[in-house]
Structures are given as C-alpha cells and as structure tokens.
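Hello,

Here is the structure for you to look through. Please open it first, then read my notes below.

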Amino acid sequence: MSTSRSVEQWDEEFECLIDLTLGLMALNEGQRYVNRIQRMPMHTSIRTGHQYMLELINDHPDRLFNKIRMYRPCFEMLIQVLRQQTALQNSKFLTLEEQVMIFIYVISQKATNRMAIEDWQHSGSTISIVFTRICKAIASLSPIFIKPPNFDDVPDEIRFNPKYYPYFQDCIGAIDGTHIAAHAPSNVANNYRGRKSNVTTNMLAVCSFDMLFTYVVTGWEGAVHDSRVLTTQLEDPNSGFPHPPPGKYYLVDSGYSNKPGYLAPFRNVPYHLRDARRRGGRINGPTELFNYRHASLRNCIERCFGVLKARFPILRFMTNFSLVRQREIAMCCCVLHNFIKLHNRDDPLFQRFGVDGVMPPPDSDDEDNTASSSGTAANPHGYGGNDENLANSMRDHIMIQMYLHYNM
C-alpha cells in the first residue's frame, strides 16, 4: 500500500513539473512576442550623430584631424565641392556634412559598421546607405581631381634640383603599382592572392613630382603583375591613360620594359635608395649613379602610396565590401588624397612624406618589383627591336652626361 502511494505521489509531482515547464515556456514566448512589439530603443545616447559632428568641427582642430584625417577648412571646402559637382544634399534626417564625415570616418579609422553605429547613433542600414551614397559621389569626382599635368612644363622639382636637371627635364611623372587589401569570394580568391598569399587588388597609379595622382586604375586581381596592368591600359583605347608625348617619358622600375616613353633603371645594378645609403652614399660607376638618381626621383610615387595608406588605413585592412565597392573605395581615397594636397599645404602627412628621398615604411602587401643586384624582376611584356634600342640609347646618353658632370 505504501509503495502504491509513493508511485501516485511521484506521478503527481511529475505532472506538476510538466505543467510548470510548459508555463515557463509559454511565458518566455509571450515575453519574446512583447519584445517584438515593443522593442527596447538602442541608440539612446544623449549625444546624437549631428551633435558629435558639431563637437568635432568646433573643438580642437586636432580632434577632427585625428578622426577624419583632414582639418576643418579642407572639410568645409569638400562639402562645398560636393554640393556644386554632385547631386548630394541634406537627407531627411542627416545633413550632408554628417553623411560625408561618416564616410571619411569609416575609411580613415577602418571602422566596421558596428563601430559606426555606436559612434554616430544611427542604424546599420542608415550607415550602409550613407556610405554607399557618399562613396559613389566622391568617386565620380575623379575626372576633376585626377588628371594629367601640362606636359610642356618642366616640373619645379626637376628644374630647381641639380641632381635631376637637365638630365630628367623631359620626365613627366612616375608609374608604379601597389596592393590594396581585399575581400574576394572563395571561388575567385586565388586570383587575388599575390606572391605573399594575401588577398589583394592591384592598383596602378601615375603621379606627378608634387605628389598628385594623375591617373589611377583600381580593382585588378592581386595575382596580376604590374607590367601586365600597364600593358593592358596602354593597349585599351578607352582606358584614358595619359600617353607621354614624343620625347617625354615616365619613370618606371625594372618590373617594366625600358622603351620610348617609359624609362627604366639598369638591371643587375644596385637601385634602391636604401642600397646607396647602406654604403654611405658611395657611387661606383655611371650606371649606379644613374640608378640612384632615377630611384630618388621615382621615389615620389612610393611617397604618394605612403601618404595614401597612412591617411586611409582601410586600404590595408579592407572590410567585407563587394569587389565593386572596394574598387570605388580605393578611387575615393585617391580623389581625397589629391583634394587635400591641393587645398591644404600644411597637411601633416604631406609634410612628413613630402621631403625628397624620404622612404615610406615598407608595405608587406606589395610585391618587390624594383631593380635589385640580382636582376630577377619579372618582365613578361618585353619590347625588342628599334624601340628598345632607341630607349637604351637615350638612357645611355642621360647616364653619360650625368656622370661627366658628377666628376667635374
């Protein structure tokens, strides 16, 4: 009898436990339903995004620079240009100033969407919409701010420097490629892996000696060599590439062919500035002298890349955008680079990298395509015959004149 009673008690307790569990489940589901109907507000900071923008603009100038890598006068000029040259205006809830600041903040701080949400107190979708809108607008300014100089003028950086004048008086700029960190779909990721296995895109750029980009093409797969990118642009009649006029030329490194219009250094001869500095600046022969001065003058393109990546770290740590958007972001950074150079002579980054011969920090994503003592740089698109002989003769003439004056 006692055994039968204990079993009945156990059954009652078990039924109570089941009822309690079902009740708790129903209560939890009901609470979730209520939360869906009445969500707890998330962006409730006392400081709104607009107030944050005004605080940065009106506070110490370095606060704004540290946040978006430009000072207030330059930022206000950018807003004025965007209003005049694009269809951008204030939106219903955000001023144009706040929209532009959000975009530059993201590319200057390599900020994720979540970081931008917290700092600017807007939803993730709003941040994404603003970023896309401003990115497209700034990229559309590239024909205005990225354009070739007057090829008839001898650049001041050459004319007033006895190291370069008159030897390089027909030089109109420098060409090189740089690797931009990228995200690529898994099915094509191997196409974007360079020599160091990092997923990158290859950006070809031409710059003048005052550190302005004069031509930029972005979005090439990281596995593609610089010389192939250049050759493709040269052969494409719609590329917009600024071909050098007869008698003029660009400086290129030994990853490219030495041919009319594109002056490369001597191979199997020390080339890097750091090579000469390691030997205390001692020059052994005319080819070394030519290579040293060639590298020193061509260094402007390396300094351009140094400023660009120091100002916009997103180029080293790209977040997960589409490949099309990544290409636009790189172009936007180049547009803003030129805009700041034109409108702020006292910019700290240009002052830091603007001195002739300054070596920017090495970029682990970039392939080493410059000349070396081993002469092993790739050259898959060689040119032979009369073109090569003509270019070599011109290079020899410059070298001889340079060395004669060097020994006087």
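Glu302 counts as partly exposed, because its relative accessibility is 23%. This is a predicted model, so please read every value below as computed from a prediction. The side chain of Glu302 meets that of Arg298 in a salt bridge, at 3.4 Å from N to O. Both residues sit in helix α12. They are four residues apart, about one turn of the helix.

A salt bridge joins the side chains of Arg298 and Asp176, at 3.3 Å from N to O. This pair links distant parts of the chain: Asp176 is in strand β1 and Arg298 is in helix α12, 122 residues apart. Is Arg298 buried or exposed? Arg298 is buried, because its relative accessible area is 3% and buried means under 20%. Asp176 counts as buried too, at 4% relative accessibility.

Now the other salt bridges. Side chains of opposite charge can pair when their charged atoms come close. How many salt bridges does a search of the whole structure find? The search finds 10. One of them joins Lys248 and Asp170, with the closest N and O atoms 3.7 Å apart. This pair also links distant parts of the chain, 78 residues apart. Lys248 is in the loop between α10 (226-235) and β4 (249-251). Asp170 is in the loop between α9 (156-159) and β1 (171-181). Lys248 is buried, with a relative accessible area of 16%. Asp170 counts as partly exposed, at 30% relative accessibility. Elsewhere, salt bridges link Arg47, Glu55, Asp59 and Arg63 into a network.

Next, back to helix α12, which covers residues 286-311. His294 is found there. His294 counts as buried, because its relative accessibility is 0%. What does the side chain of His294 reach? It reaches the backbone oxygen of Leu263, at 2.9 Å. Leaving aside neighbours within four places in sequence, the contacts of His294 include Phe168, Leu251, Val252 and Tyr271. Leu263, Ala264 and Pro265 are also among them.

Then the aromatic rings. The count comes to 14 aromatic pairs. Among them is the pair of Phe266 and Phe290, which is edge-to-face. The ring centres are 5.3 Å apart, and the planes are at 75°. Phe266 lies in the loop between β5 (262-263) and α11 (273-278), and Phe290 lies in helix α12, so the pair ties together parts that are 24 residues apart in sequence. Phe266 is buried, with a relative accessible area of 11%. Phe290 is buried as well, at 0%.

Last, the surface. Leu17, Leu20, Leu24 and Leu27 form a nonpolar patch there. Together they have about 430 Å² of accessible area. Leu27 is placed in helix α1, residues 2-37. Leu27 counts as exposed, because its relative accessibility is 60% and exposed means over 50%.

Find its salt bridge to Glu302, then the one to Asp176. After that, look for His294 in the same helix α12.

Best wishes

Key:
Residues are numbered from 1 along each chain as its sequence is written. This is a predicted model: local features need pLDDT of at least 70, side-chain atom pairs count only at pLDDT 80 or more; totals for chains, interfaces and linings use all residues. Side-chain values use heavy atoms; hydrogens and water are left out. Patches are made of residues with over 30% relative accessible area and no salt bridge: like charges are joined within 9 Å, nonpolar side chains (Val, Leu, Ile, Met, Phe, Trp, Tyr) within 5 Å. Accessible areas come from the Shrake-Rupley method with a 1.4 Å probe; for residues, only the protein chains shown count as cover. A salt bridge is a side-chain nitrogen of Lys or Arg within 4 Å of a carboxyl oxygen of Asp or Glu. Helices (H or I, at least four residues) and strands (E, at least two) are DSSP runs, numbered from the N terminus. Buried means under 20% relative accessible area, exposed over 50%, partly exposed in between (1.4 Å probe, protein chains only). A polar contact is a pair of N or O atoms within 3.5 Å; within protein, one must be able to donate a hydrogen and the other to accept it, and residues adjacent in sequence count only if both atoms are side-chain atoms. Contact means heavy atoms within 4.5 Å. Rings of Phe, Tyr and Trp (its six-membered ring) pair if their centres lie within 6.5 Å; planes under 30 degrees apart count as stacked, over 60 as edge-to-face and the rest as tilted.
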